[in-house]
Amino acid sequence: PEPIKPRYSFEISPSRPGGYKQELDASIKTIEVNPESAEAWNNKGAALGELGRQEEALAATNKATDISPELAEAWNNKGNALSRLGRYEEALAAYKKAIETNQQLAAAHANLAEVLFNLGALEPALTYVNRALSLDDRLAPALLLKGRIEIERNEYVRADQSLAQAIAFDLTNPVPYLWRAYASYLEAESAPIRESRQYQAKIVSIIRQLERASGLLKPGNKGLRAYVLYCLGCLHYKTGNMLGAKRRLQECVSLKSKSPIESSARELLNAIWDYAIRPSWWRWW
């Protein structure tokens with residue numbers, strides 16, 4: 001069994017929804033006092049976007065750019081809302097406008113790279129992510145994206161290095177841990193001898209990385225947790241730990257996350273029971 005390869009970002013819920021709600025309330029109060037504050041409209045749009053209210057976020061950032069067309073951060077947040085709505089061409093235009101307005105805005109370069117990457121334009125995405133890192137070499141989302149691009153280019157050692165840096169600058173975010181575990185897995189699978197001790201040690205190391213990421217997941221991230229549990233089940237299976245694989249896959253199924261990964265977990269769970277765990281009829285008798 002092979003863990004399913006995700007093409008886009010792992011989806012996670014906002015890490016601090018209470019904080020975003022406070023930011024939204026503060027921006028609304030500012031707008032009540034000064035309706036022409038582009039910064040307040042931009043802050044409102046950013047908070048709404050993080051809370052998942054993308055249409056409202058777009059309306060707020062549109063207001064910000066109408067009031068102050070030179071506010072690069074508003075164009076960047078407008079691009080974020082458009083990207084989350086799947087309006088990628090418009091998002092690209094918004095990010096380019098942000099960069100045109102302020103070429104030192106590292107986040108806009110990184111966000112533009114993200115859209116290009118999701119559209120399959122790896123080389124342009126790498127160009128922009130490198131520009132973002134030249135402006136801010138501690139920008140964790142850019143380091144994460146660079147690692148993902150390097151995975152696509154089969155540069156697993158480089159990806160591991162980029163993702164390790166992303167973790168160092170964003171310790172409580174589970175996503176870089178997951179991508180690093182995935183890069184390590186692909187590196188292990190490219191080894192010439194999969195039965196070697198080195199291969200087995202690598203798989204055990206990946207299991208530890210996934211366990212670490214699992215501990216950082218928020219309770220509401222059922223889809224992502226289901227994916228992690230499925231991967232853990234697959235990896236325990238590879239090490240010969242059938243009971244560990246069974247336990248993780250059962251956890252995955254019992255989550256009822258409505259994720260497509262559940263059917264894969266159920267299928268593998270049945271196969272493990274039928275071919276690796278269930279005793280023969282005469283022992284049962």
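Biologist: What makes Leu235 count as buried or exposed?

Modeller: Buried means under 20% relative accessible area. Leu235, part of helix 12, has a value of 2%, so Leu235 is buried.

Biologist: Which residues does Leu235 touch, leaving aside its neighbours within four places in sequence?

Modeller: Contact means heavy atoms within 4.5 Å, and Leu235 is in contact with Tyr185, Ile203, Ile206, Ile207 and Leu210. Tyr185 is 50 residues from Leu235 in sequence, yet their C-alpha atoms are 9.2 Å apart in space.

Biologist: How do you know which side of helix 13 is buried?

Modeller: Gly244, Ala245, Arg248, Leu249, Cys252 and Val253 are buried there. They lie on the same side of helix 13 because they cover an arc of only 165° around the axis. The face turned away from that side carries the exposed residues Leu243 and Ser254.

Biologist: What span is expected for helix 13, and how far does it reach?

Modeller: With 13 residues, helix 13 reaches 18 Å from its first C-alpha to its last, close to the 18 Å expected at 1.5 Å a residue.

Biologist: Where is confidence lowest, and where is it highest?

Modeller: Helix 15 is lowest, with a mean pLDDT of 41, and helix 3 is highest, at 98. Over residues 279-285 pLDDT stays under 50, and the model has zero contacts there beyond four places in sequence. Where pLDDT is low, the predicted coordinates should not be read in detail.

How values were computed
Residues are numbered from 1 along each chain as its sequence is written. This is a predicted model: local features need pLDDT of at least 70, side-chain atom pairs count only at pLDDT 80 or more; totals for chains, interfaces and linings use all residues. Side-chain values use heavy atoms; hydrogens and water are left out. Helices (H or I, at least four residues) and strands (E, at least two) are DSSP runs, numbered from the N terminus. The expected span of a helix is 1.5 Å times one less than its number of residues. Buried means under 20% relative accessible area, exposed over 50%, partly exposed in between (1.4 Å probe, protein chains only). The arc is that of the directions from the helix axis to the C-beta atoms. pLDDT is the predictor's confidence in each residue, from 0 to 100.
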